[in-house]
Amino acid sequence: MTGVNRVSVGGSRIDRSKEVRFTFDGQSYTGFEGDTLASALLANGVTLMGRSFKYHRPRGCLTAGSEEPNAIVELRSGARREPNTRATMAELYNGLDAQSQNRFPSLKFDIQAINQLLSPFLTAGFYYKTFMWPSSFWEPVYEKFIRKSAGLGKAATQADPDTYEHSHGHCDVLVVGAGIAGLSAALSAGRSGARVILVEEQVAAGGMTSTATDFIDGKPSDEWVAQALDELAGMANVTVRTRTTLFGYYDHNVLAALERVSDHLEVPEAHQPRQRLWTLRAGQVVLACGSHERAMVFDNNDMPGVMLSGAVRAFVERYGAAPGKRVVVCTNNDDGYKTAASLHKAGVEIVAITDARAEPSPAAKLATAAGMKVQCGVIPHKAKGRHRVSAIALQRTDGSSAEIIECDCVAMSNGYSPDVHLVSQTGVAPVWREDILGFVPDTPIRKERSAGACKGTFELNACLQEGHQAGCDAAEAMGFGSGDPGSAGTADEEEITAPLALWRCPGKGKAFVDFQNDVTAKDIQLAHQEGFVSVEHAKRYTTLGMATDQGKTSNVNGIALLAEARGEPIPDVGTTRFRPPYSPVAIGAFAGHERGMEFQPVRRTAMHACGEKLGAVFVEAGQWLRPQYYPKPGEGVMEAIYRESEQVRKTAGICDVSTLGKIEIFGEDAGEFLNRLYINGWKMLAPGKARYGLMLREDGYVFDDGTTSRLADDHYFMTTTTANAARVLAHMEHASQVLWPDLDVHFCSATEQWCGVAVAGPNARAILAKAFGDAIDISNEELPFMGVREFKWNGATARIFRISFSGELAFEVNVPWSYGEAMWDAIWDAGQDHGLIAYGTEALSVLRIEKGHVAGNELDGRTTAADMGLGKMMSSKKPFIGQKMAARDGMIDPQRATLVGVKLKSGASRLRGGAHLVADKNIANAETSLGWITSVCDSPAMGCWIGLAYVRGGLSEHDGKILYAANPIYEESPAVEICSPHFFDPKGERLHG
Amino acid sequence: MAEFETVHPLGDLDQLLADHAHHGEGAPGVQLSIRTQAACVQLFSRKGRHEDVAKALKLNASPGVASASKSHTALPLSPGQWMVTSNQSADRLAAKLQAKIKDMGYVSQQGDARVCFRIAGPSARDLMARGCRLDLDESRVGTGFCAQTNMAQVGVLLHQISDEPAYDLYVYAGFARSFFHWLSHTAAQFGYRIDKL
């Protein structure tokens, strides 16, 4: 037998033949396989499991499920350390290592328990009232203090070694909760032929049904549950997922659930994730998520050993763990008697049962007949004890005092609140039912229905019937009305008598409403006194209903007390709106695979390995990886970039330009289509020629640029910038499908069909001639500037474009992806006698800045064609996208900032992008800014730092003038000379070479 | 000039297969295959010639359903567009298609742009559920189903090739390594074997 409080009866979830060793706060204990940490601790006689958040009061577990507010612990250690887990949900495994939280130096002796003495000052709104003045203390003092005081547990500082994943599920009928109603719904829907997913938060089905008192179809309820599960397992159309919490109910019946795949293991099995996040898409949903028992609000009701009655029953029946040896049951409803019966069956002494109701119910009479001492019209007054309850002082409902009973456990039941969290997430406002003292779902908005306790139905027979019917209705709504749903089970049960409203047992001490946030009944009254009369305001002011338990055991008590304070009925106060997640979900589960290498997919070019071979340093360009520069041994970044850009102009360089967006365009109207997309004309472009094009967005600002070539009368090949490739394609789809569906034009991405290199520099032609040999004649006569040719190379179709971004004699060559490395190698080998080097995106940028070519930095979504000095490209002979909007006053204002060049003169060793240009370096602010620098480089061709910039008044106002490039981050304002952006070879003689 | 050889987007396939030869004990839940002989040609019908092209090539004109013949399979992409796949060479396939549709449409080679992964085995559908948002249950879709979707943040052209089920997933070449990284990691929980076709 493991543990002093282990009973021989019950224990449906544990395997008594398998002992499991674990530690709590360094102390070793033994439990059974199937235990939770909480049940194993209780079995070992440990009731002190944590300290409360604000007052550091000793706490034990209040519940046996995910709604647990008190027994919050750290699990595991090192990289797997996980704070704020609920001991009631943590399944035991061999070697489990748990630590209590929020205490120093130990759980039994916690220095911060002194807060209890300060409790008159630590009332609701304490932080708001105390940390207001002086405001200069907010960050340096108050924030530090609050951060130190707030928060529970410590997160691991190392990377989580486990994996998490996502999965998608679809079904006709999703049943949430495998209690009696949920099982009944899954059975009828499954038998009807509908595709059913049944999710259950707990490790086992059965819900709150009691094996001691509940009988269905003539057998104990656990046998019926096992039989139902067997039948469901036999249906190919039904999937049952336990350890799976449905935590979010979103639009269009999309729901989210968290499956705890490996939380019950020390480490996940090989290749298994720790948790799996499910996105479920359901035709119909049956909510059968049960209800939450409420605490009685009496003095010291938070003392370890004072627990919810249903939890006491669960610990005994599921785990064979008795929370005490001498139990007092305090109830205001019949469910308390189920717990009493369960304890009685397990041989635990029931010292007394108190029932707030004056008259004995049939359940009370049965208990009396069984020899239990039942006191009607009696309620608890105050729990006594230090770290554990040792006695309970009782009082009569007429106000007179009653006896004090020694005990080590109080099982309290203040009625059940239907679990309306998920239905509330759909937008349904719960409505109050006085007969059950609970909020129930109003008319569904989504394709869902509730059944069982979550709908306020607590009778076993009614749960069976309601679940059955909900399953039938949901299946029928999905077209499975003709299937045979079978019949619902039948329970033997006594009539249930209504509970008695008991929102505060009279007393002057601390009576807790929200255990997790240390919110007392007085705090709610205080919040009301201070004007927080709305339930939403009172929640935020007192923190009632917040944190990991989301107030599942406390909300209704709090609402009722607020209603009392307001002097209004409970329905007039209403509930707060519940939001996802229903219970805590680790960030890792949301991230799933999307971390580390898989945070975002990496896109590699066909010639990636060629870059690697040459020692390229890669840079992310969107999802692409591009060679940024190719450092030689001992060479720094700037030296490498300088060398590469200098060498291209001296001999030749090769650059991987595969990432440019490429689009094949076909159709009789393809030319007309381009004419409407681009600002310049395309109809006169002859086959075999390329042209630079600029396109605007609908609002008239520059969208993208690139070259488009005409390969045949009805076949064009467009290139876009790397960044805008997908956006341009989408823009074209919109234009083709929506704006001009009459045009005969068809296109598709060819970005990855073709890979490409740019070969630039005086020796480019010689190198390519050698590389491609007889395959293509690339002489100036055969392939003049802006010429395009297709040719066959080693059996593949290749395309060569005589275009230049660098201002040098240059070609771009495209071959199919699989030929990329072979092409690179062929050109590389051919270039070795011609001084060919590889250059990356940095040198590419240097070369284009020297030429004054705009790129991503200049196409920032706020610039017009005229701003870039390309205003004359805008054709007036044809309409094009953005034309009208580009003519707005603000867009043609002569004072707009336009593109200029800048040369560093003095005052700093380099230029920096982002610096603002001002006339007086001593007055640099938003008002005096004349413009800003977009791109800079250390130019080998110019022998100094140069850059491109936008300046109000442009070249016409500032040419040759000195301005200052103010950069407050670096605290520098170097002098720069404004000049033409075309720094190098302004006449373009080199590219025609 | 270096010795000529084409390179697969996944690099050295033999090395890849050796590295991932077998994951998991016992019979594998998933059989992954990399289709190296999957020529792809995108086919466009000209305005108003959608049905003519479909007729000429005996293609299914309705969305979401592939048309299969002995020589090729056509996956509808959008009205008037198909991705035609075949085991023959891309050049031959493109030429053959163009010859059949004459001036009724256009073809564009896409074989180098895509990598085709085949997923089969008893856990194929479960593996798909880890990344694919579509409902692939046998009660909903069967052999021939095709769709363009997104898995592991990568665009995928999906084709169910058998009721077993087995799926062909076409992803852009640039994403192939990333996608394979996700695919192999996710498949490991089912146990997988890998080969090339």
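Predicted model: local features only at pLDDT ≥ 70, side-chain atom pairs only at ≥ 80, totals over all residues.

Pro165(B) sits in the loop between strand 10 and strand 11 (166-172) of chain B; strands here are DSSP runs of E with at least two residues, helices are runs of H or I with at least four residues, and both are numbered from the N terminus.

Residues are numbered from 1 along each chain as its sequence is written, with chains lettered from A and ligands numbered from 1 in the order in which they are written.

Chain A has a cis bond to show you too: the peptide bond from Pro580(A) to Pro581(A), with omega near 0°. Pro581(A) belongs to the loop between helix 14 (570-573) and helix 15 (587-591) of chain A. Why point these out? Most peptide bonds are trans, and most residues other than glycine have a negative phi.

Asn102(A) has a positive value, near 60°, and is not a glycine. You'll find Asn102(A) in the loop between strand 7 (96-100) and helix 2 (126-130) of chain A. Is Asn102(A) buried or exposed? Asn102(A) counts as buried because 21 C-beta neighbours lie inside 10 Å; the cut-offs are 20 or more other C-beta atoms within 10 Å for buried, 12 or fewer for exposed, and partly exposed in between, with C-beta atoms placed from the backbone. Arg243(A) also has a positive phi, about 50°. Its loop runs between strand 12 (238-241) and strand 13 (244-250) of chain A, and Arg243(A) is buried, with 21 other C-beta atoms within 10 Å.

Now some packing. Helix 20 (residues 764-772) and helix 21 (residues 820-831) of chain A pack at an angle of about 120°, their axes 8 Å apart. Axes are lines fitted to C-alpha atoms, for helices over the stretch in contact, and angles run from 0 to 180 degrees between N-to-C directions. So helix 20 of chain A is oblique to helix 21 of chain A, given that under 35 degrees is roughly parallel, over 145 roughly antiparallel, 65 to 115 roughly perpendicular and the rest oblique. Among the residues making the contact are Ile767(A) and Leu768(A) of helix 20 of chain A, and Ala826(A) and Ile827(A) of helix 21 of chain A.

Back to chain B, which an automatic or database assignment divides into domain 1 (13-36 + 112-196) and domain 2 (39-109). The C-alpha centres of these two domains of chain B are 24 Å apart. Nine residues of domain 1 of chain B are in contact with eight of domain 2 of chain B, contact being C-beta atoms, placed from the backbone, within 7 Å. Strand 9 of chain B gives the most to the domain 1 side, with three residues.

Last stop, the interface: how many residues of chain B are in contact with chain A? 41 residues of chain B are in contact with 38 residues of chain A. On the chain B side, helix 5 of chain B gives the most, with six residues.

How values were computed:
Contact = placed C-beta atoms within 7 Å.
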